[in-house]
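Me: I would like a close look at a single part of this model, with the cut-offs spelled out. Please keep it plain.

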Amino acid sequence: MEWLPKLFDDIDSTCLALHQSWVGYYRWVFLRLTLTIAGVTLLTASPVLRVLAIASVVSYGAVDTLDRIIMKIRRVTAVRT
């Protein structure tokens, strides 16, 4: 009968972990939705912020593309001795 308390403890731990993951998930969704609404509001309110946001996204895309090109050219290979 010593397996019964362990089973109850495992079930309780699993339920608690599931509850915490769902609470964290919904909190993350709410945060993303709030940030999206705030970002769209700011972008429509000020033309300067709109230009800065476009410039930052394009700059990030260019740096990411350049990084991928460099990694494709300089692949890590074993050095022959």
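How far apart in helix H1 are Asp10 and Lys6, and what does that spacing amount to in helical turns?

Reply: Asp10 and Lys6 are four residues apart in helix H1, so about one helical turn separates them. Two conventions apply: the model is predicted, local features need pLDDT of at least 70, side-chain atom pairs count only at pLDDT 80 or more, and totals for chains, interfaces and linings use all residues. Residues are numbered from 1 along each chain as its sequence is written, and side-chain values use heavy atoms, with hydrogens and water left out.

The side chains of Asp10 and Lys6 meet in a salt bridge, at 3.9 Å from N to O; the term stands for a side-chain nitrogen of Lys or Arg within 4 Å of a carboxyl oxygen of Asp or Glu. Side chains of opposite charge can pair when their charged atoms come close. Lys6 is exposed, with a relative accessible area of 54%, while Asp10 counts as partly exposed at 36%. On this scale buried means under 20% relative accessible area, exposed over 50%, and partly exposed in between (1.4 Å probe, protein chains only).

Helix H1 covers residues 3-45; helices (H or I, at least four residues) and strands (E, at least two) are DSSP runs, numbered from the N terminus. Leu31 also lies in helix H1 and is partly exposed, at 41% relative accessibility. Leu31 belongs to a nonpolar surface patch of about 870 Å², together with Leu18, Trp22, Tyr25, Tyr26, Trp28, Val29 and Leu35. Such patches take residues with over 30% relative accessible area and no salt bridge, joining nonpolar side chains (Val, Leu, Ile, Met, Phe, Trp, Tyr) within 5 Å and like charges within 9 Å. Accessible areas come from the Shrake-Rupley method with a 1.4 Å probe, and for residues only the protein chains shown count as cover.

The structure holds two salt bridges. Arg68 is exposed at 59% relative accessibility, and Asp64 is partly exposed at 28%.

As for the setting, the chain has two helices and zero strands. Its radius of gyration is 25 Å, well over the 12 Å that the globule rule gives for 81 residues, so the chain is more spread out than a compact globule. That radius is taken over C-alpha atoms, and the rule is 2.2 Å times the number of residues to the power 0.38. Of the 81 residues, 0% count as buried.
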